[in-house]
Amino acid sequence: MRRESRSDRRQQERPFKSVAELQDFFRQCDLEQGPVVEPNWDEHLAVIQKSRRRGASEN
């Protein structure tokens, strides 16, 4: 089964008609992201500061 690409979804964009529809959209977004949890802001800052000290990004 082929996953829908972002460009496919963009072509189908339309305003939400209800709060329930908006909530469903965010529920679907959460499912697509999987179980990964974003680092908190302090963790982001630590990575940025470490990168600045090294002079390059960690790729």
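User: Is Phe 26 buried, partly exposed or exposed?
Analyst: This is a predicted model, and the accessibility is computed from it. Buried requires under 20% relative accessible area and exposed requires over 50%. The relative accessible area of Phe 26 is 46%, so the class is partly exposed.

User: Which kind of aromatic pair do Phe 25 and Phe 26 form: stacked, tilted or edge-to-face?
Analyst: Two aromatic pairs are counted in the model. In one of them, Phe 16 and Phe 25 have ring centres 5.2 Å apart and planes at 55 degrees, which is tilted. For Phe 25 and Phe 26, the centres lie 5.2 Å apart with 75 degrees between the planes. An angle over 60 degrees counts as edge-to-face, so this pair is edge-to-face.

User: Which residues form the aromatic cluster?
Analyst: Phe 25 takes part in a pair with Phe 16 and in a pair with Phe 26. The cluster therefore joins both pairs through Phe 25, and its members are Phe 16, Phe 25 and Phe 26.

User: What is the area of the nonpolar surface patch that includes Leu 22?
Analyst: A residue needs over 30% relative accessible area to belong to a patch. Phe 16 has 41% and Phe 25 has 37%, so both pass this cut-off. Together with Leu 22 and Phe 26 they make a nonpolar patch of about 360 Å².

User: Which residue takes a positive phi just after H2?
Analyst: H2 covers residues 19-33. Just after this helix, a phi of about 80 degrees is found at Gly 34.

User: Which residue forms a salt bridge with Arg 14?
Analyst: The structure holds one salt bridge. A salt bridge requires the nitrogen and the carboxyl oxygen to be within 4 Å, and here the closest N and O atoms are 3.0 Å apart. The partner has a relative accessible area of 25% and is partly exposed; this residue is Glu 21.

User: Which residue caps the N-terminal end of H3?
Analyst: Helix H3 covers residues 41-54. A side-chain oxygen lies 3.0 Å from the backbone nitrogen of Asp 42, and this oxygen belongs to Asn 40.

User: How far apart are the end C-alpha atoms of helix H3, and what follows this helix?
Analyst: The 14 residues of H3 should span 20 Å at 1.5 Å a residue, and its end C-alpha atoms are 20 Å apart, so the span agrees. H3 is followed by a residue with a positive phi near 85 degrees, namely Gly 55.

User: What percentage of the 59 residues is buried?
Analyst: The protein exposes about 6100 Å², of which carbon and sulfur atoms supply 52%. Of its 59 residues, the buried share is 3%.

Definitions and conventions
Residues are numbered from 1 along each chain as its sequence is written. This is a predicted model: local features need pLDDT of at least 70, side-chain atom pairs count only at pLDDT 80 or more; totals for chains, interfaces and linings use all residues. Side-chain values use heavy atoms; hydrogens and water are left out. Helices (H or I, at least four residues) and strands (E, at least two) are DSSP runs, numbered from the N terminus. The expected span of a helix is 1.5 Å times one less than its number of residues. A polar contact is a pair of N or O atoms within 3.5 Å; within protein, one must be able to donate a hydrogen and the other to accept it, and residues adjacent in sequence count only if both atoms are side-chain atoms. Buried means under 20% relative accessible area, exposed over 50%, partly exposed in between (1.4 Å probe, protein chains only). Accessible areas come from the Shrake-Rupley method with a 1.4 Å probe; for residues, only the protein chains shown count as cover. Rings of Phe, Tyr and Trp (its six-membered ring) pair if their centres lie within 6.5 Å; planes under 30 degrees apart count as stacked, over 60 as edge-to-face and the rest as tilted. Patches are made of residues with over 30% relative accessible area and no salt bridge: like charges are joined within 9 Å, nonpolar side chains (Val, Leu, Ile, Met, Phe, Trp, Tyr) within 5 Å. A salt bridge is a side-chain nitrogen of Lys or Arg within 4 Å of a carboxyl oxygen of Asp or Glu.
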